[in-house]
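Open the model in your viewer and keep the selection tool at hand. The stops below say what to select and what is found there.

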Amino acid sequence: MGLFKKLFGKKEKNDKYTLGLHKTKESLTDLKEILKKSKTIDDELFDALEDIFIQADIGVDTVVYFIEELRKDVDKKQITDPNDLAEIIVDKMFEIYLKGDLLNTELNFDENELNVYLFVGVNGVGKTTTIGKLAKQLKTDGKKVMLVAGDTFRAGAIEQLKIWGQRSDTYVFAKDSGSDPSSVIYDAIEYAKKENYDVILCDTAGRLQTKVNLMKELEKMKRVIQKTLPHAPQETLLVIDATTGQNGMRQAEVFKDATDVSGIILTKLDGTAKGGIVLAIRHLYDLPIKYVGLGEKIDDLVYFDIEDYIYGLFEDFFRG
């Protein structure tokens, strides 16, 4: 069964996605109208679809690939009615994201071990906020959680993390501003092991710097972590602000080259019409989206679900 038919019969919707994706959905409003008005499936229609998807910030490379796949399906299935394209569009988006894999968006967690989650990304993308929200979730799940102020270059970053520690009721391990971040993480791990913590969430500096310096800094952190925890970090999570669109794509490229990014957390998805970046990141960099931010409340960081995402975008189609 195709995803379109599966979602069409869906009895429940995820309100967070429906509300959080409203701006991106608005950028796709012309799609339904164009398919209704078009009498034939021709180059003019494909060009119009291309423009719509580029406006949703799916990315030029991904859109070109996507349209080419649509063309192949139209020829193969001998489709002539433009209205029938809606189903194929939904199914193809699903295929582009999954790439034939069974993706697990849950965080890697090793039982009976200290788990280290390293958060990377440029300044202003919402790393500290994301750490605080995730800490609250993990605590609710019964985990003993500690936050680590690994961004020692800005005193403000340390203070901000302490505020989120209070909001999430989690302990924050911090040293003075200007301390070596790797030594802070090392000492935090030693403390966490003694106090039997389950998870530590490590903030890192978000300075825009050369790829070489970035790589060296992150490699040092990883070496320090693995001195005492050979299987850590269990996750290296790149936080990207969805409102930055294609700049976020560039960040994904730089950080993926600099370190072993295991997944993406996409913040502020509710505040942008550029939600198509989800597909672009997956298509070009093979990185799964682990969480998305769909609001400012502490519980508005949610697991990424490709079905809820696509349903949120194309809800109007499903409602006839």
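Select helix 6 (residues 60-77) and helix 7 (residues 85-98); their crossing is right-handed, meaning that the near helix is turned clockwise from the far one by less than a right angle. Helices here are DSSP runs of H or I with at least four residues, strands are runs of E with at least two, and both are numbered from the N terminus. The two helices pack at an angle of about 130°, and their axes are 10 Å apart. That makes helix 6 oblique to helix 7 (angles under 35 degrees count as roughly parallel, over 145 as roughly antiparallel, 65 to 115 as roughly perpendicular and the rest as oblique). Axes are lines fitted to C-alpha atoms, for helices over the stretch in contact, and angles run from 0 to 180 degrees between N-to-C directions.

This is a predicted model, in which local features need pLDDT of at least 70, side-chain atom pairs count only at pLDDT 80 or more, and totals for chains, interfaces and linings use all residues. Residues are numbered from 1 along each chain as its sequence is written, and side-chain values use heavy atoms, leaving out hydrogens and water.

Now show the side chains between the two helices. On helix 6, pick Y65, F66, E69, L70, D73 and V74; they meet L85, I88, I89, K92, M93 and I96 of helix 7 (contact means heavy atoms within 4.5 Å).

What is the order of its strands? This open sheet of 8 strands runs 3-2-4-1-5-6-7-8, with mixed pairing. Strand 3 (171-173) and strand 8 (301-303) are the edge strands, each pairing on one side only. Two strands pair if DSSP finds at least two bridges between them. From one strand to the next, the twist averages 25°.

Select strand 1 (residues 115-120) and strand 5 (residues 235-241): they run parallel and are joined by 4 bridges. For Y117, the bridge partner in strand 5 is E235. Helix 12 lies across strand 1 and strand 5, at about 160° to strand 5.

Is T259 buried or exposed? T259 is buried, with a relative accessible area of 11% (buried means under 20%, exposed over 50%, partly exposed in between, with a 1.4 Å probe and protein chains only). Leaving aside neighbours within four places in sequence, T259 is in contact with L218 and T236.

Last, select A157 in helix 9 (residues 155-168). A157 is buried, at 1% relative accessible area.
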